[in-house]
Amino acid sequence: MSKFLFFDMDGTLISPSTRHIPESAVKGIAKAMEAGHKCFICTGRSFHLAQEYMDEIAIPGIIFCNGAGVAMDGKILSTTDIPQELVYKLMEITDYLGGDYSLLTREYMFKNESSYKQSARNWGSRYTDLSTEEIFAKRGVRFMGDYRGEPVQKMDIYFTQQMIADIFFSRVPDNLQLALAGGYYAGTGNRGGEITAKGINKGTGILKVLEIYGGSTEDCYGFGDSNNDIEMMQTVKHSIAMGNGAQNIKDLCEYVTTGADEDGIYNALVHYGLIGE
């Protein structure tokens, strides 16, 4: 019987050490799809950025921006956007407090000045064969001055000072959803957060997929490693934490596999009988 498999990207599908998808994960997911299982990326990344690794693995379904969008075969099927007035309000407050932020839209990731510079430093050291302009073009990054009010599915916000971060994130309006220190912010502690519209998370993204395909959560498997995966784990019947994941995610999950660099996805697929050894 066909199952639904949902894979977080950073720290789960993507190795935290090499920044590539381990060959064992590529092999395992290919075997799962050959067996008739429906596979989806389930990420905090934007739609554009979620496709960065499609030359390494071809997964047709994408839940992006922590559940704010669903796409299949390169076509966006639905999005839930943050109310525009709240986007501008959060931009204003974060600028005032000296924080970094990115606006994630269907096509681009718009960054304020400090976030733009920080990304240039971080990615420049990772992609040494590319110029900053080439890196940003590849990843769909634009400077905030280019933003023209496009609908925003998610905001990423980061502060260097814990006290300011604590104050800001404790006062996020009730009509927004906050995930602390998930995905590519997992190493920042609670100084980084991801914001979507109220009630939107990876779990609601999975429910949207099941609505489209007529599936049941009883047939769902979720693979993740950090805080923005919590609702995914609470939604699926079978929750799998990576060995390199945060302890609170391991405590929440039904099964803890080996690390992403230790064939974690492949081993979990075999453990559940989704593929043969």
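Predicted model: local features only at pLDDT ≥ 70, side-chain atom pairs only at ≥ 80, totals over all residues.
User: How many strands form the open sheet, and in what order?
Analyst: 8 strands form it, in the order β5-β4-β3-β2-β1-β12-β13-β14. The pairing is mixed.

User: Which strands stand at the edges?
Analyst: β5 (75-79) and β14 (255-256). Each has a single partner strand, so one side of each lacks a neighbour in the sheet.

User: How do β3 and β4 run?
Analyst: They run antiparallel, with 4 bridges joining β3 (residues 61-64) to β4 (residues 69-72). Gly61 in the pair faces Met72 of β4.

User: Switching to α3. Which residues are buried there?
Analyst: Leu86, Val87, Leu90, Met91 and Thr94. Seen down the axis of α3, the buried residues fall within an arc of 140°, so they line one face of the helix.

User: What covers the buried residues of α3?
Analyst: The cover includes β6 (100-104), β9 (154-158), α6 (162-170), β10 (176-180) and β11 (192-197).

User: And which exposed residues are on the face turned away?
Analyst: Glu85, Glu92 and Tyr96.

User: What comes just after α3?
Analyst: Gly98, with a positive phi of about 80°.

User: Now Asn112. Where is it found?
Analyst: Asn112 is in the loop between β7 (109-111) and α4 (113-126).

User: Is Asn112 buried or exposed, and why?
Analyst: Asn112 counts as buried, because its relative accessibility is 5%, and the cut-off for buried is under 20%.

User: What does Asn112 touch?
Analyst: Leaving out residues up to four places away in sequence, Asn112 touches Asp95, Gly99, Asp100, Tyr101, Phe143 and Met144. With Asp95, the side chains make a polar contact of 3.4 Å.

Technical notes: Residues numbered from 1 in each chain as written. Heavy atoms only, no water. Helix = DSSP H or I, 4+ residues; strand = E, 2+ residues; numbered from the N terminus. Buried < 20%, exposed > 50% of the residue type's maximum accessible area, 1.4 Å probe, protein only. Polar contact = N/O pair within 3.5 Å; in protein donor to acceptor, adjacent residues only side chain to side chain. Contact = heavy atoms within 4.5 Å. Pairing = 2+ DSSP bridges. Arc of directions from axis to C-beta.
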